[in-house]
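Trainee: Could you take me on a close look at the ligand site? I would like to hear how the protein surrounds the ligand.

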Amino acid sequence: MTNPSLLILAGDGIGPEVMAEVKKVIAWMDTAKGVTFDVSEDLVGGAAYDKHGVPLSDATMAAAQEVDAVLLGAVGGPAYDDLDFSVKPERGLLRLRKEMDLFANLRPAQCFDALADFSSLKKDIVAGLDIMIVRELTSGVYFGEPRGIHTEDNMRVGINTQRYTEAEIERGARAAFELAMKRDKRLCSMEKANVMESGILWRDVVTEVHADYPEVELSHMYADNGAMQLVRAPKQFDVIYTDNLFGDILSDCAAMLTGSLGMLPSASLGVPMANGRPKAMYEPVHGSAPDITGQGKANPIACILSFAMALRYSFDMGEAATQVEAAVEKVLADGARTADLMGPDGGTPISTTDMGDAIIAALNA
Ligand code: NAD
């Protein structure tokens, strides 16, 4: 049997720093679990632009299509802010998502007990929170045509088009129902069927797909109410399925329930490959954090939890994923904190490397 393969694109800023800690977990999989990954590494974002003049080379794109999963750190930074739009670091990320057709973006919002005080909401509202937002990632208003700015009657007009086919809604819905089946079997679909035709179609298609998942309890909610419910009583949700635009906003809103950007993983999944594994890219939600780059202050947990998602969703190694998540929970419960997790009471933060080492120590305990 061939080894599972990973392409690491650490990117810019703190990307390589947090990815260095993920590599320790990959090594732990080898020594403790006997699972050896074939790991290759390449450039993305500003680092790729510096070398190739583009934020993602064709060769790297081709390599990403071949592997079982891509692990991405972060892209961007002040040195690249003035580049032409077509070669900005973020274009590298968008190219990966588009050409790999990663249509389901999984954004968990989980509140570790030790960090419940970090949320802007009251502790009892967020303690034990564990929800999963599935955002449709490759269609909707960010891609629909016509789009642009033109002039009508001496007045500028900006246009974007919300457009969804039933096939696009359906494949994301199936991903969301499948996830719900592995969790608490509850799915809430969010749209604006009260004011948008695409929302009416969304609701219809999700209801049709539900017929194949009778064990899952399906509910529908207008996305604006969803935003209110997420801050009022977020624990009412298990899996949420929503479109690209609403998902962008609702997943960031849910993310903040949990405290720090440095804690948030994500997965983007596409259609299954010949070996049955979905096309997949895993990345922390945070950016390249130029303000703390090179200072050993970055929290590697978001990137490590992204790798745990890869274990679960690409490699069917749910048990190992749970072990990694439990190790993170343990070091936090024991009081280990990077600078972003320091509360008002102060304390001494540990470095990026120390946090990675503590997680490995907990895995080995
Ligand atoms: P950011 O996420 O990089 O940083 C926001 C704040 O959170 C900063 O104060 C940063 O220090 C802190 N932070 C982020 N990750 C952290 C971590 N792991 N540990 C500790 N603190 C952390 O967002 P930004 O400052 O708006 O953007 C900086 C650059 O990153 C920009 O070039 C932006 O375009 C890019 N960006 C990239 C991605 C991505 O690669 N997916 C996402 C967002 C932003």
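**The ligand site**

Mentor: Let's start with Asp 291, where a polar side-chain atom lies 2.8 Å from an oxygen atom of the ligand. Taken alone, the ligand exposes 800 Å², and 68% of that is buried by the protein. Please keep in mind that this is a predicted model.

Gly 287 places a backbone N or O atom 2.7 Å from a ligand oxygen atom, and for Gly 77 a backbone N or O atom lies 3.1 Å from an oxygen atom of the ligand.

Now the wider shell. There are 21 residues around the ligand, and those that come nearest are Glu 90, Gly 287, Ala 289, Asp 291 and Asn 299. By class, the shell divides into 10 nonpolar, seven polar and four charged residues.

To place this in the chain, look at the domain assignment: domain 1 covers 1-111 + 259-365, while domain 2 covers 149-257. Their C-alpha centres are 26 Å apart, and 11 residues of domain 1 are in contact with 10 residues of domain 2.

One last stop is Ser 139, which sits in the loop between strand E5 (130-136) and strand E6 (144-152). Ser 139 counts as buried because its relative accessibility is 6%, under the 20% cut-off. Leaving aside neighbours within four places in sequence, Ser 139 is in contact with Arg 163, Tyr 164, Glu 168 and Asn 244.

How values were computed:
Residues numbered from 1 in each chain as written. Predicted model: local features only at pLDDT ≥ 70, side-chain atom pairs only at ≥ 80, totals over all residues. Heavy atoms only, no water. Near = heavy atom within 4 Å. Polar contact = N/O pair within 3.5 Å; in protein donor to acceptor, adjacent residues only side chain to side chain. Areas by Shrake-Rupley, 256 points an atom, 1.4 Å probe, with all protein chains shown as cover. Nonpolar A, V, L, I, M, F, W, Y, C, P; charged D, E, K, R; others polar. Helix = DSSP H or I, 4+ residues; strand = E, 2+ residues; numbered from the N terminus. Buried < 20%, exposed > 50% of the residue type's maximum accessible area, 1.4 Å probe, protein only. Contact = heavy atoms within 4.5 Å. Domains from an automatic or database assignment.
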